[in-house]
Amino acid sequence: MQQPNIVLIMADQLAPQFLPCYGHPLVHAPALERLAQEGVVFDAAYTNSPLCAPSRFVMMSGRLPSAIRAWDNAAEFSSEIPTFAHYLSAQGYRTCLSGKMHFVGADQLHGFEDRLTTDVYPADFTWHPRWDSPGERLDWYHNMEVVTKAGPCLRSMYLDYDDEALFHAKRYVFERARENDGPFLLVFSMIQPHDPYLCRPEKWDLYREDDIDLPATPLGSVEEDAHSKRLRYGYGADAIDLDETTLRRARRAYYGSISDIDDKVAALLKSLSEAGIAENTVVVFTSDHGDMLGERGMWFKMSFLEHSARVPLIVHAPKMFSPRRAGEAVSLVDLLPSLVELSRDGKAGEYATPLDGRSLLPHLAGPGGHDEVIGEYYGEGVSTPQFLIRRGSEKFIHAEGDPPLLFDLEADAHERNNLAADGGAREKVASMLEELRTRYDRAALEAAVLESQHRRAFLQKVMRKQRVFWDHAPKQDVAQSYVRNHLPIYALEKKARFPSA
């Protein structure tokens, strides 16, 4: 069987609860709706760490954060860790990244043969938390101004970035079609709808303010857990009262950003079709984490609550898999073995290191497959490791020193009833705590994170003084670009024409 091309499309901070294919009645995203109607939709897909860089490192490596030291948004992603880009390259794929991946460190490729844009975020050590200063507000951290000043704009840094990433991704598709030199992996990764909550005027105008839904679980409607309280303090949400107009404006801009990324998904799918390679291309759509978007008075991510921890996951390959919805709990760590097996006609991969992820191919083929997610969080709002266990409808969250959280998501989709506070769940809570004690050495993990934070606090100051930057600079061979004299002009024009004459 011919190896399929694989196109992985990523959004950033996109909660599935705000997509029409996951039941939202208002948001306009017809391209994603079509992918969902023709593909396999995962209704319980999660990030393994609700923060940009760690979630992406986990997704690319198939390993949980503690196995690769993916502590936070300034943790280095080691070059010796194989990624799905490495494994697919070994399978004969040309591998390419256009857009964001938030790699930290000198290696800005991690198995990608081509990287078409710089990253939207810095590659240095600055953005790390300080567990030994838990009450400190960080100057680079989220703040509520992005909520209070949400609205339409003509241009923004993030709009510019996604436009650039799309341009390069579309051109790359036609380059591969022209060359016709074997299968390719293209990762097209956008920064929207990540805050600041801004969108183009025409996307803003898709929605009426009065139609915008307010949070289903508003601030004060449930008892605030310890981690949520620390997060709200960290980004200043506890010091500001938001009226309904402000809430609606922020959510309206977020919805407008979703409609913008949907346009970009449609444009890339159109390029695949025009290039004549759509039928032999597997398209995967996902995000790195979600966004609380005002639920419980919380914003952004960094929480294992549903709006922050769940991600959309759609696999579109109608020639290979019938449309269906999969209800089992899966996660981003499962993508590496899944992509590798897709490249090997369903055969199991051979890996250079143990994996924590499990293939999604049983879910794609029909009912079955695993139903478990393990999550780890070492970022802001905690000063000791926090863990997630999701099996079936049960979801357990715990960090040492915080009261545990236990929810039955089938009966309580909005996580309003913490069963761990109920004496009737004492045995279940004890069992979950024992499982975490068996799986993790919390004291050793905490010591490793603190040591890493101290090292990076020192190094980032020295690097800034020495003007050491790891940010990716895309290569461009201008001697081979457009019309040059290495070939006659008519030969160049003929070579660039698609379809060929």
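These legends go with a set of close-up views of the structure above.

The model is predicted, so local features need pLDDT of at least 70 and side-chain atom pairs count only at pLDDT 80 or more, while totals for chains, interfaces and linings use all residues. Residues are numbered from 1 along each chain as its sequence is written, and side-chain values use heavy atoms, with hydrogens and water left out.

View A. A nonpolar core is a set of buried Ala, Val, Leu, Ile, Met, Phe, Trp, Tyr and Cys residues joined through side-chain atoms within 4.5 Å. Buried means under 20% relative accessible area, exposed over 50%, and partly exposed in between, with a 1.4 Å probe and protein chains only. The largest core has 100 residues, and Y197, Y235 and W299 touch the most other members. Helix α9 (residues 244-274) gives the largest share, 12 residues. A second, separate core of 46 residues includes F57, L185, V311 and L364. Helices (H or I, at least four residues) and strands (E, at least two) are DSSP runs, numbered from the N terminus.

**View B. The surroundings of Y235.** Contact here means heavy atoms within 4.5 Å. Leaving aside residues up to four places away in sequence, Y235 touches Y141, H142, N143, M144, M298, W299, F300 and M302.

**View C. The four-stranded open sheet.** Look for the strand order β11-β12-β13-β14, with antiparallel pairing; two strands pair if DSSP finds at least two bridges between them. The edge strands β11 (372-377) and β14 (405-408) each have a single partner, so one side of each is left without a neighbour in the sheet. On average, neighbouring strands are turned by 10 degrees against each other, direction ignored. Helix α13 (residues 426-439) packs on the sheet, touching β11, β12, β13 (394-399) and β14, and its direction makes about 60 degrees with that of β13. Axes are lines fitted to C-alpha atoms, for helices over the stretch in contact, and angles run from 0 to 180 degrees between N-to-C directions.

View D. Six bridges join β11 to the antiparallel strand β12 (residues 386-391), and E372 has R391 of β12 as its bridge partner. Four bridges join the antiparallel strands β13 and β14, with F407 of β14 as the bridge partner of K395. Five residues lie between β13 and β14 in their hairpin, and G401 in the turn has a positive phi of about 95 degrees.

**View E. The two faces of helix α1.** In α1 (residues 30-38), the buried residues are A31, L32, L35 and A36. They cover an arc of only 140 degrees around the axis, which puts them on the same side of α1; the arc is that of the directions from the helix axis to the C-beta atoms. Their cover includes β2 (40-46), α9, β8 (281-287) and β9 (313-316). The face turned away from the buried side carries the exposed residues P30 and Q37.

**View F. W131 in its loop.** You will find W131 between β4 (114-115) and α5 (145-148). W131 is buried, with a relative accessible area of 5%. Although W131 and E380 are 249 residues apart in sequence, their C-alpha atoms are 8.1 Å apart. Beyond residues up to four places away in sequence, the contacts of W131 include Y378, P385, E446 and Q453.
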